[in-house]
Amino acid sequence: SPLTGTVGDCSVGGAMAFQLRRAGWAGIVFTGRSPKPCGLEVRDGKAGLVDATGLLGRDVPEIRSLLRGRGSVAVTGPAADNGVLFASVMVDGAHAAGRNGLGLSFSRKNLKYVSVTGSGAVTVHDPARLERACEQIYRLMASSPVIMGGFGLRNMGTGALYDLVHARGMMPTANFRRTRFDAAPGMNAPALRKLLGASRSGCAGCRILCKKTGSEGVHVPEFETMSHFSALLENDHLPTVVEANAVCNRTGMDTISAGATLACHAEITGRRLSPREIPALLEDIASGRMPSLAQGSRRYAAAEGMPRASMSVKSLELPAYDPRGAYGMALAYAVSTRGGCHLRAYPISHEILRKPVVTDRMSFSGKARIIKIAEDANAAIDSIGACKFCFFGASLEEYAEALSAVTGIETGAHDLLHAGERIYARERQMNTEFGFGREDDDLPARFFEEPGTSTEWMETPPLPRDGFLEALGRYYRIRGLDEGGRLLSGKAAELGLDGDPGAEDPL
Ligand code: SF4
């Protein structure tokens, strides 16, 4: 990742995976760098590089319209052209591969876009078995309130989380200096729906359709974007949230890192950014007029002599769950292999949404093992190309059955977990090679030193440092890491991983 220096990856929606498979390809690997800006165009069995110099500096929608008729497209915008470290890759317009600055990874390879059109059929090993497996998955999804309930993902989109997170006093506000935002009730998903209207949209073939599109074709912001462009910036002007989201999508920038970098800037300059300044600053970052902020909050805060104002882990800005209100999330942020990420383990599932069972969100008890297992499961889910939201209903059992039907290779949930563990362990090894160790598996000091916003009913104290370190140590032991965070040689051998010889196993 250009932003973090760790392994970098994103799972993204849209139709590209469908098109690619129908074109007869399982994946694309890019190595090296093109001598000039280019696009990769795939049409069924044919693939070729074409000159894309004329697309530099253009906005994402303009590039999309110039590429009309070329199927599913993944493009970078001017932010990547101008070296923004948190530049995204936009797939089919509204689906962002946002985290880790993968747009800049494209740019450094002189790759401007990928387009894929597939017209073939996709054959599977056992179609009848796959149909049965899918019916089972659909049945479980249909009975999940988180997915299909009135305030679930299908009806409200990810914005449904806005009220849940605020009600629990864990909404990052004013660059994580507070955890409640007084204006939140007027900035939630129903308020957005009232402002924009909302119809369902989403990824190809999905039955949930969690994305929301406004009546005039405006993309309704997702939860993290809503929260960071409102509470984190103390902005109570809802149209500004919509506009900030639109600027990021149009120019190709990660909304989480963009919002958090602006919040860091606001804290350092001691100002509350006005609704007019927020989109204007985003435009400045994307166009190269604000290079200091284009480096992300960690580098910017360090250059300003206030490194503690960057609320990031391994240089990746934190998402919209304050860890003082969810201790599993605190541990998950700290140990994530791609930096401050909520999706590697997604403990919000059990700490807030009670899936599969509720856990005490203000306790580290049991969290080390839960986080490790969830990381393994999510690594497997990402690698089979499934959407995590389906797992509020179905489980690895049902997906293993579907995978067996597709491939003809008998696979159980345990096999998927094992594959996920291998993926995660290999990522650990790679991060060790890149120079990351235990000191990087930590949170910003603010969370241990300052309380969140308490009310008469609910206290939000600072995170207990001792409890955090104990949970971190336990996580290391369960994951098979030494005290420096390096994969033990015995664990590497057990998982069949070569490359890094591993640390000495004291046992
Ligand atoms: S539920 Fe998942 S697959 Fe469906 S539209 Fe939403 S992100 Fe895409």
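Let's begin with the shell around the ligand: by class, that shell has 7 nonpolar, 1 polar and no charged residues. For these classes, Ala, Val, Leu, Ile, Met, Phe, Trp, Tyr, Cys and Pro count as nonpolar, Asp, Glu, Lys and Arg as charged, and the others, Gly among them, as polar. Which residues are around the ligand? They are Gly202, Cys203, Cys206, Ile208, Leu209, Cys210, Cys387 and Phe389, where being near a molecule takes a heavy atom within 4 Å of it.

A quick word on what you are looking at. This is a predicted model, in which local features need pLDDT of at least 70 and side-chain atom pairs count only at pLDDT 80 or more, while totals for chains, interfaces and linings use all residues. Residues are numbered from 1 along each chain as its sequence is written, and side-chain values use heavy atoms, with hydrogens and water left out.

Now the helices. Helices here are DSSP runs of H or I with at least four residues, strands are runs of E with at least two, and both are numbered from the N terminus. Take helix H17 (residues 367–383) and helix H19 (residues 413–433): their axes come within 7 Å and cross at roughly 95 degrees. Because 65 to 115 degrees counts as roughly perpendicular, H17 is roughly perpendicular to H19. Axes are lines fitted to C-alpha atoms, for helices over the stretch in contact, and angles run from 0 to 180 degrees between N-to-C directions. Contact means heavy atoms within 4.5 Å, and here the residues include Lys372 and Asp376 of H17 and Leu416 and Tyr424 of H19. The residues of this contact divide into 8 nonpolar, 2 polar and 4 charged.

H19 also meets helix H18 (residues 396–407): these axes come within 8 Å and cross at roughly 95 degrees. That makes H18 roughly perpendicular to H19. Leu396, Glu397, Tyr399, Ala400 and Leu403 of H18 touch Ala413, Leu416 and Leu417 of H19. By class, we find 7 nonpolar, no polar and 1 charged.

On to the sheet. How many strands does the open sheet have? There are 6, in the order S2-S1-S6-S3-S4-S5, with mixed pairing; two strands pair if DSSP finds at least two bridges between them. At the edges are strand S2 (46–51) and strand S5 (95–97), each pairing on one side only. From one strand to the next, the twist averages 20 degrees. Strand S4 (residues 89–91) runs antiparallel to S5, joined by 3 bridges, and Met90 stands opposite Ala96 in S5.

Key:
Parallel < 35°, antiparallel > 145°, perpendicular 65-115°, else oblique.
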